[in-house]
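Please keep the sequence and the model in view while reading.

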Amino acid sequence: MSDIATRLEAVLERVRAAEADYGRTPGSVRVLAVSKRHPPEAIRAAHAAGQRAFGENYLQEGISKQEALAGLELEWHLIGGLQSNKTREAAERFDWVHTVDRSKLAHRLSEQRPAEMAPLNVCLQVNISEEPQKAGCLPAEAAELAAVVAGLPGLRLRGLMALPAPAETLAAQRVPLARLRALQARLRQAGHELDTLSMGMSADLEAAVAEGSSMVRIGTAIFGARD
Ligand SMILES: *Cc1c(COP(=O)(O)O)cnc(C)c1O
C-alpha cells in the first residue's frame, strides 16, 4: 500500500472510532481529502485507495489538478476564500463551495452556474468565534444569508462550515464547534434542510465528530505535511 493509502485508512479508522465513541451513526461522517499544495499524483493515490471527494483552497491550483486528472470520477470542493471576480470558474468547475459568506458571492455563483449542471452545493462559512479579520459571516448574519442562498436557483444550500482558531484540548476544541451545531439547529427550525456540517481538520477530527460534524476536511493526516 502507498503511504497515502495507509494514512487514509488510519483517518477512516479515527472517524469510525469517534463515531462509536460519541454515539454517531456509523458512516454518517464523510471525509473530504484536502489536497492543497500536494500534486495530482497524491490525489491519484488517494483515489486508488477509494477516496472520491477532494478539497482545494485555491481556484487555479484546483483547476490545474482537475485538468491533470480529467479521466477520474472525482468530486471537487472549494474550501478556500473566493473573490467576487473569480466566481465563474468556481461555478463552472466545482461540485461544492464551502466558503459562501456574503450575498454578492451567492448571487454571482447562482447566475454563473451552467444550466445543464446540477445546482452548486453550498455551505455558508461562519466566523463562529467572531474573530476579527477572519473570513465568514457572523453568526447573527447567517439566517439572512441562508434565506438568500435558499432562494437562488443555481445553488443548493447544504450546510455550514467553520474554521475555528486552533485549541489544544478536546474540551476547548469542542466549544466553537458546538456553537456551529447550535446555529445549524436554529436554521433548521427556520425551515432550512441543512444536512451538512463541514467542520473538523486533522487536529480536531474527534471534537468535530463529537459535535455533529458530517464532513471532516482532512489534509495533513492523509497527505503528510505541506511545505
Ligand atoms: C488546509 C485546510 C484543511 C485541512 O487542514 P489539515 O490540518 O491539514 O487537516 C481544512 N480546511 C481548510 C479550510 C483548510 O484550509
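A search of the whole structure finds one cavity of 30 Å³ or more. On a 1 Å grid over the protein atoms alone, a cavity is a set of points where a 1.4 Å probe fits but cannot get out; grid points are joined across faces, edges and corners, and a volume is the space filled by probe spheres set on the points. The model is predicted: local features need pLDDT of at least 70 and side-chain atom pairs pLDDT 80 or more, while totals for chains, interfaces and linings use all residues. Residues are numbered from 1 along each chain as its sequence is written, and side-chain values use heavy atoms, with hydrogens and water left out.

The volume of the largest cavity is about 30 Å³.

A pocket, by contrast, is an open set with protein on both sides within 12 Å along at least five of seven lines. The largest pocket has a volume of about 300 Å³. Of its 18 lining residues, K36, N57, I79, M201 and R226 lie nearest its centre. By class, this lining has eight nonpolar, six polar and four charged residues.

The ligand takes up the space of the largest pocket, where sitting in a pocket requires more than half of a molecule's atoms to lie within 2 Å of its grid points. Around the ligand are 13 residues, of which K36, N57, S202, G219 and T220 come nearest; to be near, a residue must have a heavy atom within 4 Å. This shell holds six nonpolar, four polar and three charged residues.

Polar contacts are pairs of N or O atoms within 3.5 Å. An N or O atom in the side chain of K36 is 2.7 Å from an oxygen atom of the ligand, and for S202 the corresponding distance is 2.5 Å. The protein covers 89% of the 380 Å² of accessible area that the ligand has on its own, by the Shrake-Rupley method with a 1.4 Å probe.

How values were computed
A polar contact is a pair of N or O atoms within 3.5 Å; within protein, one must be able to donate a hydrogen and the other to accept it, and residues adjacent in sequence count only if both atoms are side-chain atoms. On a 1 Å grid over the protein atoms alone, a cavity is a set of points where a 1.4 Å probe fits but cannot get out, and a pocket is an open set with protein on both sides within 12 Å along at least five of seven lines; lining residues have an atom within 4 Å of a point. Ala, Val, Leu, Ile, Met, Phe, Trp, Tyr, Cys and Pro count as nonpolar, Asp, Glu, Lys and Arg as charged, and the others, Gly among them, as polar.
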